[in-house]
Amino acid sequence: MPSRSAAGVRTGVRVVVSGDRGTGKSTLISTAASESFPEYVPAVLPPTRLPSDFYPDGVPVTIVDTSSSMESRVRLIDELKRADAVVLTYACDQPITLGRLSTFWLPELRKSEVKAPVIVVGCKLDLRDERQPMNLEQVMAPIMQQFREIETCIECSSATLIQVPDVFYYAQKAVLHPTTPLFDQEKQSLKLRCSRALKRIFMLCDHDMDGALSDAELNEFQVKCFNAPLQPAEIVGVKRVVQERIRGGVSDLGLTLDGFLFLHALFIEKGRPETTWAVLRKFGYDDDLKLRDDILPVPTKHAPDQSVELTDEAVDYLRGIFRMYDSDNDGSLQPFELDDIFVTAPESPWTVGPYVDAAERTSQGNLTLNGFLSEWALMTSLDPSCSLANLICIGYGGDPTSALRLTRRRSADRKKQRTERNVFHCFVFGPKRSGKSALLNSFLGRPFSSNYTPTNGVRYVTNVVEQIGGTQKTLILQEIPEDGVKKFLSNKECLAACDVAVFLYDSSDEYSWKRSRELLLDVARHGEESGYGVPCLLIATKDDLDPYPMALQNSARVTQQLGMEAPIPVGVKFRDSKNVFSRIISAAEHPHMSIPETEKGKKRKRYRRLVNSSLMFVSVGAAVAVVGLAAYRAYAARKNT
């Protein structure tokens, strides 16, 4: 049974109890469920359920007992991997069982890649030898330092009912309100993603944008998150605590951001992470401190040949954001300015692939406006949910449904012989050393380099292309390494997201031409068989070198046979590459043209036409027969009267 609802809210917590034999696991579970000490318990209990009203959070807990015998090892590991939380037990009257936590059990959990939080529980507290007192905090501190997965430690007694319910309360709390995502115990400070989320919440609540929460704003925040207002004396008390502990936490205008963050760090330090989690969840955050999917209205059900784009409203907002953060008005964003834009997002989304180095930058490495908007277009195309979440996190206040639009199917565009897309996706094929990477680099305005570095894996670049008349379209180039083409084409829908495919070859190298032709035919056949045929262009690179004999004749013959445009010549250093990108956009804007047809594809089309004409003839003949029969019946009726 799933432990989360469709909205990502937990509907149950699964706790697995493990530890050495004889440490009191089964008795602990039985006592917690019955609230009484059992006279007899079996060696291993069946799963036990604590109802939703057992603890204040209203989430039921399923407790799974385990055996520590070697015969049950496989099942034990399986149960531990399925756990939301793990309770590790030791017996207070058997010190050796406490030692085995760090020498066996905790290393075993790591070895088995168990990711759940751990609650260490000392059972049989009533049996501990009073002549050997133990300071739990001193004993557990070094163990908790070594094993950060330990959430808390507690000792209990089933016989005297001391702290038994607390064991599973802490286990549930570790799952519902975990400390680890929020707080760095070593640094004793909020983790970066948590502080970023809280900063966004602070800014949303600071309605007058004066950098502080006034008493009215603080009260409104309290009501929104906890459904209860703060009394004037309580507000004074909160401010006093902050003022005494942190400089600048309170100003004449109210509680500052530093004070707001300090309060949450204080809650967590005092063992009340549920307070911070209540705030985060009220503002739409999930357990990973990202906005929940259920508040991101991203079109999830769409055909493979549809794509998602930003609307004009969202693009206009991003233009405004760019101007706002371009503090020196130089038309580009320095790294620190870009970081400032995403300071209220979980992290800057473009520091990892495929977005790193994918857009136009200045010679100083700053991101231009075209580069900024192109990165957003790329992120929206590849990961619409991530794009919308970041858009909201950086302050987009419009209706989220107005930020994205679903394009028409590419197959429909081909039938209508036009497209309404603003972002085009181009696949770049070609053999090694044909100039694929050089083409992508030239698209970003980077100088030509004679050093050859093969591309490992798929690479994306994106930029804005200005057409004649001033219209602008965003083009995404996706380089497909030659070695990866076979695997790429093994996916039937691999061409569905493609608006146009280009095939590069070194016009001075006969093998390069032949290999590029093979790739072109492979893609053309795949398009015919899958129904996702795309416009294709051939690009003859290194056109300023001596071509191999018969180069022009062979390429012209192939393009003519396939119904494509003649190859586009480009020099070694791609100085005239702007024409190439305009031609790519033009091909994408005419989705019904330049789609290569193989001989097999032509025969298949002729056969379909023949079948369709035959069906038309049969349907017309049937209609004539029906009409004739009706006329005859009418004639016969008149004759009889």
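Residues are numbered from 1 along each chain as its sequence is written, and side-chain values use heavy atoms, with hydrogens and water left out. Because the model is predicted, local features need pLDDT of at least 70 and side-chain atom pairs count only at pLDDT 80 or more, while totals for chains, interfaces and linings use all residues.

**Strand β1**

Helices (H or I, at least four residues) and strands (E, at least two) are DSSP runs, numbered from the N terminus. Buried means under 20% relative accessible area, exposed over 50%, and partly exposed in between (1.4 Å probe, protein chains only). In a regular strand the side chains alternate between the two faces of the sheet. Val13, Val15, Val17 and Gly19 point one way from β1, and Arg14, Val16 and Ser18 the other way.

Two strands pair if DSSP finds at least two bridges between them. β1 pairs in the parallel sense with β3 (residues 61-65) over 5 bridges, and with β4 (residues 85-91), also in the parallel sense, over 5 bridges. Val15 has Ile63 as its bridge partner in β3 and stands opposite Ala85 in β4.

**Helices α16 and α20**

Helix α16 (residues 436-443) packs against helix α20 (residues 577-589) at an angle of about 90 degrees, with the axes 10 Å apart. Axes are lines fitted to C-alpha atoms, for helices over the stretch in contact, and angles run from 0 to 180 degrees between N-to-C directions. α16 is therefore roughly perpendicular to α20 (65 to 115 degrees). Leu439, Ser442 and Phe443 in α16 meet Ser577, Val580 and Phe581 in α20 (heavy atoms within 4.5 Å).

**Salt bridges**

A salt bridge is a side-chain nitrogen of Lys or Arg within 4 Å of a carboxyl oxygen of Asp or Glu. The count comes to 31 salt bridges.

| Pair | N to O distance |
|---|---|
| Glu274 and Lys173 | 3.4 Å |
| Glu420 and Arg408 | 4.0 Å |
| Lys432 and Glu482 | 3.8 Å |

Glu274 lies in helix α10 (residues 273-282) and Lys173 in helix α5 (residues 164-176), 101 residues apart. Glu274 is partly exposed at 25% relative accessibility, whereas Lys173 is buried at 11%. Glu420 is partly exposed at 48%, and Arg408 is partly exposed at 22%. Lys432 is partly exposed at 43%, while Glu482 is buried at 14%. A network of salt bridges links Arg408, Arg410, Asp413, Arg418, Glu420, Arg421 and Asp499.

Notes:
Parallel < 35°, antiparallel > 145°, perpendicular 65-115°, else oblique.
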